[in-house]
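Colleague: I would like to go through this model residue by residue. Please give the cut-offs as the terms come up.

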Amino acid sequence: MATLSTFAAAPRRTLESFGEQAIFYWRAARYAPHALRAYKRETLRLIAEIGMGTGTLAVLGGTIAIVGFMTFAGGTLAAIQGFNSLGNIGVEALTGFFAAFCNVRIMAPITAGIALSATIGAGSTAQLGAMRISEEIDALEVTGIPSMSYLVSTRVTAGMVAIVPIYSVAVVMSFLAAQLITVDLYGQSSGVYFHYFFTFLRPSDLAWSFLQALLMANVVMLIHCYYGYNAAGGPAGVGEAVGRAVRTSLAVVVMVVLFASLAIYGISGKFDLAG
């Protein structure tokens with residue numbers, strides 16, 4: 001039966017965990033320049049692994065294909081809902097505006113963040129967790145190789161670099177899905193669709209969207225590397241670490257999109273609808 005002291009110790013353990021994570025993230029950032037100088041080949045290998053994967057995943061197209069498929073599905077749902085909802089009030093011509101506005105600001109960032117957590121994030125946690133329980137990380141330290149730099153900072157840096165082409169594919173696939181559904185499936189004139197699409201597709205929104213993707217890649221890699229690096233308890237502990245990392249990163253991805261959107265676009269939601 002739980003005692004009062006058990007409940008009192010819970011907040012303290014939570015604060016200690018936050019402090020440990022903050023120190024881990026700071027060390028990972030501090031070792032990033034050293035990782036780029038000393039472990040260039042390892043960083044390049046991780047960039048290729050993150051982007052294309054290994055084994056069967058590489059045959060399927062790797063993370064790029066998975067992210068592209070998920071954002072394509074998200075863009076398809078956005079187009080279906082947008083066309084039918086706008087059609088109920090007689091303004092289905094604005095589906096192009098809906099695709100340009102929602103895909104860049106909401107659909108593509110969140111979908112890409114979820115895909116990153118489930119692919120490269122979970123893979124990094126499992127790799128580092130397996131190395132921890134088999135004492136490979138301790139062996140690196142004994143031989144004089146800083147494990148934070150070689151294992152963590154290289155992965156975080158590789159994730160930041162690989163997210164640029166991955167997210168480019170995600171945005172393109174979300175746009176392509178909306179166009180195919182609206183023009184080819186529902187039969188809307190391509191001229192009408194592209195008029196509203198390009199009128200409301202602002203380069204600044206694309207730039208901010210890529211910034212959100214970079215932030216998401218950074219936090220996803222840091223969170224998953226933390227849980228993998230500190231895994232314990234054998235194979236079952238690695239599985240538990242992967243589960244905790246995925247749950248945490250999914251929540252943080254949504255928070256990153258939320259707070260970044262509030263910081264970039266404000267709380268008024270004002271925009272000028274014309275044309």
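**Charged pairs**

Colleague: At 38% relative accessibility, does Asp 138 count as buried or partly exposed?

Modeller: This is a predicted model, in which local features need pLDDT of at least 70 and side-chain atom pairs pLDDT 80 or more, while totals for chains, interfaces and linings use all residues. Residues are numbered from 1 along each chain as its sequence is written, and side-chain values use heavy atoms, without hydrogens or water. Buried means under 20% relative accessible area, exposed over 50% and partly exposed in between, with a 1.4 Å probe and protein chains only as cover. Asp 138 has a value of 38%, so the label is partly exposed.

Colleague: With which residue does Asp 138 form a salt bridge?

Modeller: A salt bridge requires a side-chain nitrogen of Lys or Arg within 4 Å of a carboxyl oxygen of Asp or Glu. For Asp 138 the closest N and O atoms are 3.2 Å apart, and the partner is Arg 132.

Colleague: How many salt bridges are there by that rule, and how many residues separate Asp 205 and Arg 105?

Modeller: The rule gives six salt bridges. One of them joins Asp 205 to Arg 105, with the closest N and O atoms 3.3 Å apart. Asp 205 counts as buried because its relative accessibility is 3%, and Arg 105 because its value is 13%. The pair links helix H10 (residues 203–229) to helix H6, and the separation is 100 residues.

Colleague: How many helices and strands does the protein chain have?

Modeller: Helices (H or I, at least four residues) and strands (E, at least two) are DSSP runs, numbered from the N terminus. Along the sequence the pattern is α-α-α-α-α-α-α-α-α-α-α. The totals are eleven helices and zero strands.

Colleague: Where does H6 bend?

Modeller: The bend at a residue is the angle between axes fitted to the seven residues ending there and the seven starting there. In H6 that angle is about 60°, and the site is Asn 103.

Colleague: Which residues does Thr 119 contact, leaving aside its neighbours within four places in sequence?

Modeller: Thr 119 is in H6, residues 95–133, and counts as buried because its relative accessibility is 17%. Contact means heavy atoms within 4.5 Å. With those neighbours left aside, Thr 119 touches Thr 63 and Ile 66.

Colleague: How far apart in space are Met 173 and Thr 76?

Modeller: Met 173 lies in helix H8, residues 147–185, and at 24% relative accessibility it counts as partly exposed. Neighbours within four places aside, it contacts Gly 68, Thr 71 and Phe 72. Thr 76 is 97 residues away in sequence, and the C-alpha to C-alpha distance is 9.5 Å.

**Surface**

Colleague: What accessible area do Met 255, Leu 258, Phe 259 and Leu 262 have together?

Modeller: Patches take residues with over 30% relative accessible area and no salt bridge, joining like charges within 9 Å and nonpolar side chains (Val, Leu, Ile, Met, Phe, Trp, Tyr) within 5 Å. Leu 258, in helix H11 (residues 234–265), is partly exposed because its value is 46%. Areas come from the Shrake-Rupley method with a 1.4 Å probe, and for residues only the protein chains shown count as cover. Together these four form a nonpolar surface patch of about 390 Å².

Colleague: What percentage of the residues of the protein chain count as buried?

Modeller: The protein chain exposes about 13900 Å², and carbon and sulfur atoms supply 69% of that. Of its 275 residues, the buried part is 42%.
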